[in-house]
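Keep the model open as you read. We will go from one residue to the next and build up the picture step by step.

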Amino acid sequence: MTASLCATGALACTLTGGMTGMPVRADDAVPETGCTTVMTWPVERPKVTSPFDEPEQRWLAGHRGVDLEAEAGTELTAPADGTVSFAGKVGGKSVVSLNHGNGMTSSFEPAATDLDVGASVLRGEPFARSDGKSDHCDDACVHWGVRRSKDDYLDPQRLVSKRRIALKPVE
Ligand SMILES: [Zn+2]
């Protein structure tokens, strides 16, 4: 799992940035290093209805993920290899979380799965469906959040973006 994330990041760098041969650590799988195609969209035709909005301070309100248009029952596919780490209710909403390794976790709501906690899923594999209502956009979307540690949320859009970030050496 860890190896696969790193390999993906390394491949993206090799193809576009010429970073061949550089050692790849777990941290290289996050966008700050320029490897941006770490994850794939969890829905077939992604349409962001509400983007990530990082709070200025971690305790302030913000939007710790993206909302993707999804009618009830929309199939969700794993953005990266992982294991189901949570499936159940949080504050009355149905949540499914995937642990991708490296401390990276994706959470989806409203979502439901028939898989058991601990089940392995591969990147691109269906693992859950949009199901129920949430306070993000009722039942018209699914909220996808990615965090690297307990309160360290990343912008999912940057993790799947094809944009070239920091591929040239810094002058
Ligand atoms: Zn949301």
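Start with Lys 93. Its relative accessibility is 18%, so Lys 93 counts as buried; the cut-off for buried is under 20%. This is a predicted model, so read every value here as computed from predicted coordinates.

What does Lys 93 pair with? One partner is Asp 135: the two form a salt bridge, with the closest N and O atoms 3.0 Å apart. Lys 93 sits in strand β5, while Asp 135 sits in the loop between β9 (126-130) and β10 (141-149), so the bridge ties together parts that are 42 residues apart in sequence. Is Asp 135 buried or exposed? With a relative accessibility of 60%, Asp 135 counts as exposed.

Lys 93 also meets the side chain of Glu 109 in a salt bridge, 3.0 Å from N to O. Glu 109 belongs to strand β6 (residues 104-109) and Lys 93 to strand β5 (residues 93-101), so this pair links parts that are 16 residues apart in sequence. Glu 109 is buried, at a relative accessible area of 12%.

Why can such pairs form at all? Side chains of opposite charge can pair when their charged atoms come close.

Now move to another pair. Asp 114 and Arg 129 join their side chains in a salt bridge, 4.0 Å from N to O. Asp 114 lies in the loop between β7 (111-112) and β8 (120-121), and Arg 129 lies in strand β9, so the bridge connects parts that are 15 residues apart in sequence. Asp 114 counts as exposed, at 67% relative accessibility. Arg 129 is partly exposed, with a relative accessible area of 32%. Back at Lys 93, shared partners join Lys 93, Glu 109 and Asp 135 into one network of salt bridges. The count of salt bridges comes to five.

Next, the metal. Which protein residues are donors of the zinc ion? They are His 63 through NE2, Asp 67 through OD, His 136 through ND1 and His 143 through ND1, lying 2.0 Å from the ion. The angles between the four donor atoms run from 97 to 129°, which makes the arrangement tetrahedral. Along the sequence, the donor residues follow the spacing H-x3-D-x68-H-x6-H. Asp 67 lies in strand β2 (residues 66-69) and His 136 in the loop between β9 and β10, so this pair ties together parts that are 69 residues apart in sequence. Asp 67 counts as buried, at 2% relative accessibility. His 136 is partly exposed, at 29%.

Turn to the largest pocket. Its volume is about 390 Å³. The lining holds 16 residues, and those nearest the centre are Ser 107, Glu 109, His 143, Arg 147 and Tyr 153. Two of these names have come up already. Glu 109 is a salt-bridge partner of Lys 93, and His 143 is a donor of the zinc ion. Which elements each supply at least two residues of the lining? They are β4 (82-90), β5, β6 and β10.

Finish with Val 38. Val 38 sits in the loop between α1 (2-17) and β1 (48-50). Its relative accessibility is 1%, so Val 38 counts as buried. From C-alpha to C-alpha, Val 38 and Val 160 are 6.2 Å apart in space, yet 122 residues apart in sequence.

Notes
Residues are numbered from 1 along each chain as its sequence is written. This is a predicted model: local features need pLDDT of at least 70, side-chain atom pairs count only at pLDDT 80 or more; totals for chains, interfaces and linings use all residues. Side-chain values use heavy atoms; hydrogens and water are left out. Helices (H or I, at least four residues) and strands (E, at least two) are DSSP runs, numbered from the N terminus. Buried means under 20% relative accessible area, exposed over 50%, partly exposed in between (1.4 Å probe, protein chains only). Donors are N, O and S atoms within 2.8 Å of the metal (3.2 Å for Na, K and Ca); water is not among the atoms, so sites may look incomplete. Four donors count as tetrahedral if all angles lie between 85 and 135 degrees; four count as square planar and six as octahedral if opposite donors are over 155 degrees apart and all others between 65 and 115; anything else is irregular. On a 1 Å grid over the protein atoms alone, a cavity is a set of points where a 1.4 Å probe fits but cannot get out, and a pocket is an open set with protein on both sides within 12 Å along at least five of seven lines; lining residues have an atom within 4 Å of a point. Grid points are joined across faces, edges and corners, and a volume is the space filled by probe spheres set on the points.
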